[in-house]
2 protein chains.
Amino acid sequence: MVIYVIGYPNKKQTAQPIASQMHSYSGRGMSLEHDLNLSNTYYNECSRALIHKKPTPIQVVRVDYPERSAAKIVEAYYKTPSTTDYNGIYRGRAIDFEAKETRSKTSFPFKSIHPHQILHLKRVLHQKGIGFFIIRFTSYDETFLIDANTIITMYESEKRKSISYDTVKSCGVLIQQGLTPRLKYLDAVDQVYFKEEDK
Amino acid sequence: MVIYVIGYPNKKQTAQPIASQMHSYSGRGMSLEHDLNLSNTYYNECSRALIHKKPTPIQVVRVDYPERSAAKIVEAYYKTPSTTDYNGIYRGRAIDFEAKETRSKTSFPFKSIHPHQILHLKRVLHQKGIGFFIIRFTSYDETFLIDANTIITMYESEKRKSISYDTVKSCGVLIQQGLTPRLKYLDAVDQVYFKEEDK
């Protein structure tokens, strides 16, 4: 089976036909990644921050060089990411986060977080960076920022396999949505990490 | 022509047979990227810093899903990078740099720096990050750290198409080489950016 894809799929699901994607995001047709990329472009352009999504790591095995054309990769595989997807600089601080969405109405399952990403965020916090998760509950069209420490503590507790929607709501901060930026997530960052400085 | 490659080639040259690569690095067989990756692994493991090479951006066009096997990318192309190759956190500061090597004995040509990378480093400096270039003159097996501001100023001067070896030597800092880490480039960062604090 051969499927044409647009952009960088992280997993098979994202390679669905566009129509099916439209449906799955309640007709909005926009994924969390898309919203974050638009928001980051806006934040970068207006010099509020400098945050990028890292390219999806791909292991290239075979490259074809057609004459007078660009190199064409003809065999490659997705690699397991060893870091989070997003990082950059905000208010002079290093910022690093992972964004995930779930269709569940009750909880965010930890199985969608890779152990490498937990290790990476622990290192970010150790180096005095700002680390967090952005979690979207697509059923409610609600997106939260939640500090990495909160997630790491629960992730490493053997009894837990997920974090409930209610816990995300009470421990995290709801990210306001708008036109530009689509996700005003730096306002949430201000609220969580710069509250004292902004007084 | 089909060529099998190891790792992530940025340009056609890196897809040379291994033997030819060995030769071009004076028998050391190690590229600057390889040395930096080893050094970063060491720095990350000993918790001195958290610095990674970003994956090479690749535009995936076609993916094949063989039954019961991993997704196989069968058509993809290298994209022009919109940022630098390396970033991370060191001493609580965001750090961002580009690494380049040249075989020239007299100068480092600016044509190997992409305009997007200059724009990105300007934004890094604006956001109070630490930005620099690591430039290796392979003929001398000498690797220098040079502040982004120095390169940007020269790059944007219309008369200049390159920076001479002598200028790199006088304006930059020679990076000491060793076994672990291969390139002691954070010592050079200390020297350039933390001299006052370390007094």
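Colleague: How many residue pairs are in polar contact between chain A and chain B?

Modeller: This is a predicted model, and side-chain atom pairs count only at pLDDT 80 or more. With both residues held to pLDDT 80 or more, the count of pairs in polar contact between chain A and chain B is six.

Colleague: Which elements of chain A each supply at least two residues of the side that touches chain B?

Modeller: The residues of that side of chain A divide into 25 nonpolar, 14 polar and twelve charged. The elements that each supply at least two of its residues are β1, α2, β2, β3, β4, β5 and α3.

Colleague: What area do chain A and chain B bury between them?

Modeller: In the contact, 51 residues of chain A face 51 residues of chain B. Tyr65(A), Ile73(A) and Gln127(A) supply 15% of the area that chain A buries against chain B, more than any other three residues. Carbon and sulfur atoms carry 58% of the total, which is about 4,900 Å².

Colleague: Which side chain of chain B meets Glu45(A) in a salt bridge?

Modeller: The rule finds two salt bridges across the interface of chain A and chain B. The N to O distance is 3.5 Å, within the 4 Å cut-off. The partner of Glu45(A) is Arg123(B).

Colleague: How are α2(B) and α6(B) oriented to each other?

Modeller: Their axes come within 10 Å and cross at roughly 75 degrees. The contact involves Leu36(B), Ser39(B), Asn40(B) and Tyr43(B) of α2(B), with Tyr185(B), Leu186(B) and Asp187(B) of α6(B). Because angles of 65 to 115 degrees fall in one class, α2(B) and α6(B) are roughly perpendicular.

Definitions and conventions. Residues numbered from 1 in each chain as written. Chains lettered and ligands numbered in written order. Predicted model: local features only at pLDDT ≥ 70, side-chain atom pairs only at ≥ 80, totals over all residues. Heavy atoms only, no water. Axes fitted to C-alpha atoms, helices over the stretch in contact; angles between N-to-C directions. Helix = DSSP H or I, 4+ residues; strand = E, 2+ residues; numbered from the N terminus. Parallel < 35°, antiparallel > 145°, perpendicular 65-115°, else oblique. Contact = heavy atoms within 4.5 Å. Buried area = accessible area lost by both parts, 1.4 Å probe. Polar contact = N/O pair within 3.5 Å; in protein donor to acceptor, adjacent residues only side chain to side chain. Nonpolar A, V, L, I, M, F, W, Y, C, P; charged D, E, K, R; others polar.
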